[in-house]
Amino acid sequence: MRWFICFLFVIPIVSNAQSIQVGAGSIKRFENFKSVYVDPRNVDVWVPSDYSTAVKYDVVYMQDGQMLFDSTSNWNHQEWQVDETAEKLMQSKKIRNAIIVGIWNNGAYRRSEYFPQKCIEAMPPELKDTLIANYLLGKVLADNYLLFLTRELKPFIDSAFSTNTSLSHTTIAGSSMGGLISLYAICEYPQLFGAAACMSTNWLGVVYKNESIAPFFIAYLKQKLPDPNTHKIYFDYGSLGLDSLYKPVQLKVDELMRAHKYSSKNWITKEFPGETHSERAWSMRLAIPFEFLLQLD
């Protein structure tokens, strides 16, 4: 693979991802995207079937990129069906034209990159040390991960594709821990991300049934939630499996959203009874946050 220098960092020349099976549109893969902040990882960029440089596209940055488009190569043989859902909604004029950036997670250090760092820093020493040692493999990487997104990946995407770079046309999304880091991103960089989809948000912070983690998310959000006049946020959760643990904390977050003057115009929280914590469940309801966050002007 060839490389060139842009924005003072190294980025890969675009290449077709022939091995990915998509139901609609096409994908460009950037293998082992280099970063000075985090380990290299693949980045898959999906574009609709009628993609044209004459059109400016919204950009949706999505976590766990290897789980979004092709179930045949996934560990659990499930996928979000992002390509089919996005293409269908665009063709039916239900959402704005958009491209999807699937950022692969870092495997063993996924939790380290996705756990909101400033929440960890606010914890008492014993809880913080236990969390870092037992669940984050000794590394706290979320702030560096966001630097990768904002200083390296986003500038590259805006240079390589025909994008609308304005705040209201830039969305970040994920599920579980990916939901946490997406929320953290819109709070830390409200000048760059105008919307966030946080599906089955892991409010327990990967620590199974440990509700001592959640108050630090609440305290952080009290200080850092972005302006509801310029931002939109979507939350949801199911009732089975891991999702069955999230409702009590989500209700507290909902109270906080109302206290910060969020309304139905810029915030949705949905409960899905009978749904579990899986790509299959998220694929079935992905159209809902897409229609809310990418609705036509």
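**A loop residue to begin with**

Beyond its neighbours within four places in sequence, V55 is in contact with N97 and S162, where contact means heavy atoms within 4.5 Å. Before going on, the ground rules: this is a predicted model, in which local features need pLDDT of at least 70 and side-chain atom pairs count only at pLDDT 80 or more, while totals for chains, interfaces and linings use all residues. Residues are numbered from 1 along each chain as its sequence is written, and side-chain values use heavy atoms, with hydrogens and water left out.

Back to V55. This residue sits in the loop between strand 5 (41-47) and strand 6 (58-62). Helices (H or I, at least four residues) and strands (E, at least two) are DSSP runs, numbered from the N terminus. V55 counts as partly exposed because its relative accessibility is 27%; buried means under 20% relative accessible area, exposed over 50%, and partly exposed in between, with a 1.4 Å probe and protein chains only. From V55 to A196 there are 141 residues in sequence and 23 Å in space, C-alpha to C-alpha.

**The whole chain**

The chain has 10 helices and 11 strands. Its radius of gyration is 18 Å, close to the 19 Å that the globule rule gives for 297 residues, so the chain is as compact as a globular protein of that length. That radius is taken over C-alpha atoms, and the rule is 2.2 Å times the number of residues to the power 0.38. Along the principal axes, the C-alpha atoms fill a box of roughly 50 × 40 × 35 Å. Of the 297 residues, 57% count as buried. Among contacts with a separation of 6 or more, 73% come from residues 24 or more positions apart.

**Cores**

Which residues have the most contacts inside the largest nonpolar core? They are L153, I157 and W203, in a core of 67 residues. Helix 5 (residues 142-160) gives the most to this core, with nine residues. Another core lies apart from it, with 28 residues, including L89, I100, M199 and L294. A nonpolar core here is a set of buried Ala, Val, Leu, Ile, Met, Phe, Trp, Tyr and Cys residues joined through side-chain atoms within 4.5 Å.

W203 has contacts beyond its neighbours within four places in sequence, among them L180, L183, A214, F217 and L221. In helix 7 (residues 214-224), A214, F216, F217, I218, Y220 and L221 are buried. These buried residues pack against helix 3 (117-121), helix 4 (125-135), helix 6 (177-188) and helix 8.

**Cavities and a pocket**

On a 1 Å grid over the protein atoms alone, a cavity is a set of points where a 1.4 Å probe fits but cannot get out; a pocket is an open set with protein on both sides within 12 Å along at least five of seven lines, and lining residues have an atom within 4 Å of a point. Points are joined across faces, edges and corners, and a volume is the space filled by probe spheres set on them.

There are two cavities of 30 Å³ or more. The largest holds about 60 Å³ and is lined by P116, C119, L180, L183, Y184, W203, F217, Y220 and L221. Its lining has nine nonpolar, no polar and no charged residues. For these classes, Ala, Val, Leu, Ile, Met, Phe, Trp, Tyr, Cys and Pro count as nonpolar, Asp, Glu, Lys and Arg as charged, and the others, Gly among them, as polar.

The second largest cavity holds about 30 Å³. Its lining is V60, T171, A173, A197, P289, F290, L293 and L294, and strand 8 (170-175) and helix 10 (287-293) each give two or more of those residues.

The second largest pocket holds about 210 Å³. Of its 16 lining residues, R96, S168, K232, L293 and Q295 lie nearest its centre. The lining divides into five nonpolar, eight polar and three charged.

D243 is in the loop between strand 10 (232-238) and helix 8 (247-259). D243 counts as buried because its relative accessibility is 1%.

Most residues other than glycine have a negative phi. S176, between strand 8 and helix 6, has a positive phi near 60 degrees. V206, in the loop between strand 9 (195-199) and helix 7, also has a positive phi, about 70 degrees.
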